[in-house]
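User: I am new to protein models and would like to learn how to read one, feature by feature. Could you take me through the one shown here?

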Amino acid sequence: MGCFRKHLKSQRGFTLLELLIALSLLGGIVGVIYSIQSFTMKTFAQGAQYAAMQLEARFISAYLSGEMRFAQELRILGDVPDDLADGIAVFVDRDGRVVRKSASQTTVLSSGAGFEGGSSLHFAIREDRGHRVVGVTMTFAGKLGTYEVTTAILALNVSEVQGSAGPVLWYRS
């Protein structure tokens, strides 16, 4: 037991230099961990915004595909018509929302939330092997950049088409 006490008394503490080196190493490690965590959070936020843009684009694409595929009449217009008594218009409003509007009802298909630059739609009709095809380009702009989707929808039952390209799609089933 006496040997143990003697050993304890002969032990020296840490020098100031050793403490400074240890604190510097600890500070460096904490800095690296913070940088990694910050980068991970930023990357996650970017991924979440791109996923939201993709989800919006898929939803609008699926909706338009179902509606246009069996429409009887299509018009591609430059502006939303005042009278929608016999049809439905799909367009982007002033607030950047994708809207479906009929004479009796207005439905917001995409709120545009999180897309600081808003969203836009562009429609174009073309012929492909004797069938009318409506090309739809959707653009969503956010903090991190622009996401654009282009799709083509086969209009199976269209008997009449007016216009060739524009930001408003009018159709009647």
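Analyst: Let us begin with confidence. This is a predicted model, and its protein chain has an average pLDDT of 82, with 90% of the residues scoring at least 70.

User: Where in the protein chain is confidence lowest, and where is it highest?

Analyst: The general idea is that where pLDDT is low, predicted coordinates should not be read in detail. Here the lowest confidence falls in helix α1 (residues 2-10), with a mean of 59, whereas α2 has the highest, at 88.

User: Which residues touch the most other members of the largest nonpolar core?

Analyst: In soluble globular proteins, nonpolar side chains tend to be buried together. In this model the largest nonpolar core has 26 residues, and those touching the most other members are Leu64, Leu74, Phe123 and Val136. Several elements each supply at least two residues of this core, among them α2 (16-69), β1 (73-77) and β6 (131-142), and α2 gives the most, with six residues. There is also a second, separate core of six residues, which includes Phe91 and Trp170.

User: What does Val136 touch, leaving aside residues up to four places away in sequence?

Analyst: With those residues not counted, Val136 touches Leu64, Met68, Leu121, His122, Phe123, Val149, Thr150, Thr151 and Ile153.

User: How do β6 and β7 pair?

Analyst: β6 and β7 pair in the antiparallel sense over 11 bridges, and they form a hairpin with two residues between them.

User: How many salt bridges are found in the whole structure, and how should I read one?

Analyst: Side chains of opposite charge can pair when their charged atoms come close. A search of the whole structure finds six salt bridges. One of them joins Arg172 to Glu73, with the closest N and O atoms 2.5 Å apart. Because Arg172 lies in strand β10 and Glu73 in strand β1, this pair ties together parts that are 99 residues apart in sequence. These two residues also belong to a network of salt bridges that links Glu73, Arg75 and Arg172.

User: Are Arg172 and Glu73 buried or exposed?

Analyst: Arg172 is partly exposed, at a relative accessible area of 32%, while Glu73 is buried, at 4%. Another salt bridge joins Glu127 and Arg132, whose closest N and O atoms are 3.5 Å apart; in this pair Glu127 is exposed, at 52%, and Arg132 is partly exposed, at 28%.

Methods
Residues are numbered from 1 along each chain as its sequence is written. This is a predicted model: local features need pLDDT of at least 70, side-chain atom pairs count only at pLDDT 80 or more; totals for chains, interfaces and linings use all residues. Side-chain values use heavy atoms; hydrogens and water are left out. A nonpolar core is a set of buried Ala, Val, Leu, Ile, Met, Phe, Trp, Tyr and Cys residues joined through side-chain atoms within 4.5 Å. Buried means under 20% relative accessible area, exposed over 50%, partly exposed in between (1.4 Å probe, protein chains only). Helices (H or I, at least four residues) and strands (E, at least two) are DSSP runs, numbered from the N terminus. Contact means heavy atoms within 4.5 Å. Two strands pair if DSSP finds at least two bridges between them. pLDDT is the predictor's confidence in each residue, from 0 to 100. A salt bridge is a side-chain nitrogen of Lys or Arg within 4 Å of a carboxyl oxygen of Asp or Glu.
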